[in-house]
Structure formats: structure tokens, C-alpha cells
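Here is a short report on one protein model.

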Amino acid sequence: MAEPSKRQRLSHINSSSQTSSKSLPSIFTDSQDEGLEGEGRFVEGSILRITMKNFLTYDYSVVHPGPNLNMIVGANGTGKSSIVCAICLCLAGKTAVLGRGDKVGLYVKRGCKKGHVEIELYKRGGNVVIFREIHAENNQSLWMLNDRQCSQKAVEEEVKALRIQVSNLCQFLPQEKVGEFAKMSKIELLEATEKSVGPPEMYEYHCELKNFRNKERELENVVKEKASFLEKAKQRNERNKHDVNRYYEKKRHLDVIELLEKKKPWVEYETTRKELEGVKKERDEARKQLSSLKQTQAPMVKKIQQIDEQLKPTEAQIKDKVTNQRLEAVALDRRDNELLAEKKGLSELKGKKRQLEQKISTKQDSLKQMEQNIIDLTKIEEETKRKNCSCKFTPCHRVPR
């Protein structure tokens, strides 16, 4: 299996104290037979074989783990950690999981251009063989799954299907990660344990429970905020209740004022109409008084006219007598006295006539003023009617208290 010029490192399982007396070929053969006989006890995903070539300290080595607990014992530098690295890298693990070299090419044995690792996993219905060839120059890898070339993603999916988690410290713990494992919190250990030993949906349920708990806390905070807001709103509502009552009272008063403002033109119209009726009555009374005064003064005016007619010939006779009968002084003086008396009476009549004319003139002026007032009131009435028509207001004789 190995080149004659190279030293082979063989791993085996010490099942009893009798193996110390056997030779190396017989030990290797017995370990293989024991693995085949105990294959029925392997769980799905167990490692049946690990083959390493030009990998770290190994030129070529094959390891056959048993179905139960396996222990690798050896001095420092004999390659115990190399087997751990081979398991991780061949199962599509990241170099960061090992905590050693960050480039996969560093795991090829020094002086070699390439190396490979092959692992056989137990699976019902046919074992799974994963092969990884590592190139040191360009840090590239060649993957094969059951002797068929494939991608790293296909290997990751196959490993995931067998529930192998090399990134889970509760399932795969390199010695470089022991300190990191010791620093894990209880929550992290619980999650890692769930991923390692529980069914796949256990961790999902746990994550859902955490999400539900977070949502519950958020809802509790929201409820507290809403309750606080409600309490503040109630207090604010109580403070504003008095203002609201005052607002509605003010609104009622404004509505009453608006109604009264609408009724104001009708009240003004009614007042003006009543004033107009009173003025019309006064005008009619004045007309009646004027007609009665005219009737009363008619005989007096007629008498005055008659006297004026009578005075005209008398005055002509007086002139004639003054010019023609100067000699008849005594008789004329007597006649003059009579005429003076008559003139005096006439002057009195003329004075009464003037007084009557003044009264008539005053009454006529008053009548004209009344007629002008009537015209003004008629205009006011028409303007008021136009305003009422423009407001489209139905008259109401009742004014609300």
C-alpha cells in the first residue's frame, strides 16, 4: 500500500492486552476484521476509515476507528492532531475551526506539492467515501464523492445529511479550541448541544422560542407604553373636559347670536314699518287738519276778497274827493275818520289774513316735509324688502329669549 522507501505509520485499536504479542501486519489485519464485525454497531455518520497521504507529518497512513470510544495515544509530534486536522478538512470544515494555519496548502507535508485525505463514513444502504486532494502551490482542492469528482458544496450537503458538524465545538473539539470552548456561555453550550445531539428541528424550535420571547418582551413594552399613554390621555382628557364644556357653551351662544343676526333685519323692518305707519297716520291727520283749516278759512278769505273789491272803488272815490273836494275839509275829516276806522278794520283783517297765510304756509311746509318723509320711508321699506329677499329669510314674529 505504501512505497518501500517511505516509513509507514499504522494506527490500530487495542481491544485486548494480547495485541502486544502480535506483529504489526497481524494487528492491522485484526483491527480491520474487528471493524467489519462491529459494523452493525456503527451509527450513521461514523468514521470507518481515514487515509492520509503527504498530510502534515504523515507520508501515508490509514486509520480504522472502532464503533465505540477511540483513543489515540502517542508522544508529542507523533501526529495525533494531524488526524484531527484530516477529519476536519476532509469533511469540508474550515481551517479557522482548527485554529492553526489559515491556508489549506499549509497542511500538505513540507517538500510535497500535493497531498490528499480520504474518509469513509458509515451509511445505511452504502457507505460514503469523501476524497480531498490539496495542492500546496495555489491552495486549491480537488473533491471526490464516492469516486466521482464533485464540488465542495456537494460534500457539505452530504456531511450535513449525516448530521456531522465539524464547526460545533460540542461535536468536534480540536485542542486549539479548548480555551474557546471553556469560555462558551451556558446559552452557547445549550445551543451547541442541541445542534449536536438533538434532532434538526430542536434548534429551530429553540430559535423560534427565543424569537417569540423577544416578541413577547417587545409586546409587553408596547403594552406598558400604551397603558402609560392611555393613562396620560385620560388625565389630559379630564383636564380638557372643562375646556370642551366651555367650547360647546360658547358654540351655543354663537349659534344664538347667528340666529339673532339673521332675525335682526326683520326686526329692523318691523320697526321701520311701524314707524312708517305712524308717519302715514300723522300725514293723514295733517292733511285732514289742512283741509279743515282751508274750509274754515274759506269764508274769511272770501270776505277779505270782497273787502278788497269794495276798497278799490272807495279808494278811487277818496282820491277823487281829495282832488275835487278840498274845500269840504270838515266833512272829509269826518269821512277820513270813518275811513281810518274802516282802514283800521281792514288792516286788522289784513293782519289776520297774513297770519292765516303764514299758518297755511307753515302747514304746507309741514305737509311737504311729511310727504318727503313718506318718500324716504318708502325707499327704506323697499331697501329693507330687498335685503330680506337677498338673505332668503322667512319672517318670524317671535324673537328667542
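## Overall picture

Of the 401 residues of the protein chain, 28% count as buried. Buried means under 20% relative accessible area, exposed means over 50%, and partly exposed lies in between, with a 1.4 Å probe and protein chains only. This is a predicted model: local features need pLDDT of at least 70, side-chain atom pairs count only at pLDDT 80 or more, and totals for chains, interfaces and linings use all residues. Residues are numbered from 1 along each chain as its sequence is written, and side-chain values use heavy atoms, with hydrogens and water left out.

The chain has eight helices and seven strands. Both are DSSP runs numbered from the N terminus: helices are H or I with at least four residues, strands are E with at least two. The accessible surface of the protein chain is about 28,800 Å², and carbon and sulfur atoms hold 52% of it. Areas follow the Shrake-Rupley method with a 1.4 Å probe; for residues, only the protein chains shown count as cover. Among contacts in the protein chain with a separation of 6 or more, 60% are between residues 24 or more positions apart. A contact means heavy atoms within 4.5 Å.

## Strand β2 and its partners

Strand β2 covers residues 47-55. Eight of the nine residues of β2 are buried, so the strand is largely enclosed by the rest of the structure. β2 pairs with β3 in the antiparallel sense over five bridges. Two strands pair if DSSP finds at least two bridges between them. K53 has Y60 in β3 as its bridge partner. β2 and β3 form a hairpin with two residues between them, and L56 in the turn has a positive phi of about 55°.

β2 also runs antiparallel to β4, joined by six bridges. R49 stands opposite E120 in β4. In a regular strand the side chains alternate between the two faces of the sheet.

H116 lies in strand β4. H116 is buried, at 17% relative accessibility. Leaving out residues up to four places away in sequence, H116 touches T51, M52, K53, F131, R132 and E133.

## Aromatic pairs

How many aromatic pairs does the count come to? Rings of Phe, Tyr and Trp (its six-membered ring) pair if their centres lie within 6.5 Å; planes under 30 degrees apart are stacked, over 60 edge-to-face, the rest tilted. By this rule there are four aromatic pairs. One of them joins F55 and Y107: the ring centres are 6.3 Å apart and the planes sit at 15°, so the pair is stacked. F55 is in strand β2 and Y107 in the loop between α3 (95-98) and β4 (114-121), so the pair links distant parts of the chain, 52 residues apart. F55 is buried at 1% relative accessibility. Y107 is buried too, at 2%.

## Salt bridges

The whole structure holds 14 salt bridges. A salt bridge puts a side-chain nitrogen of Lys or Arg within 4 Å of a carboxyl oxygen of Asp or Glu. One of them joins K109 and D59, at 2.0 Å from N to O. K109 lies in the loop between α3 and β4 and D59 in strand β3, so the pair ties together parts 50 residues apart in sequence. K109 is partly exposed at 21% relative accessibility. D59 is buried, at 17%.

K114 and E133 meet in another salt bridge, at 3.7 Å from N to O. K114 lies in strand β4 and E133 in strand β5 (residues 128-135), so this pair ties together parts 19 residues apart in sequence. K114 is partly exposed at 41%, whereas E133 is buried at 15%.

K353 forms a salt bridge with D308, with the closest N and O atoms 4.0 Å apart. The pair links distant parts of the chain: K353 in helix α8 (residues 329-391) and D308 in helix α7 (residues 200-324), 45 residues apart. K353 is partly exposed at 28%. D308 is partly exposed at 27%. Salt bridges that share partners also join R49, E118 and E120 into one network.

## A nonpolar surface patch

Which residues form a nonpolar patch on the surface? They are L69, M71 and V73, with about 430 Å² of accessible area together. Patches take residues with over 30% relative accessible area and no salt bridge; like charges are joined within 9 Å, and nonpolar side chains (Val, Leu, Ile, Met, Phe, Trp, Tyr) within 5 Å. L69 sits in the loop between β3 (58-63) and α2 (80-90). L69 is exposed, with a relative accessible area of 76%.
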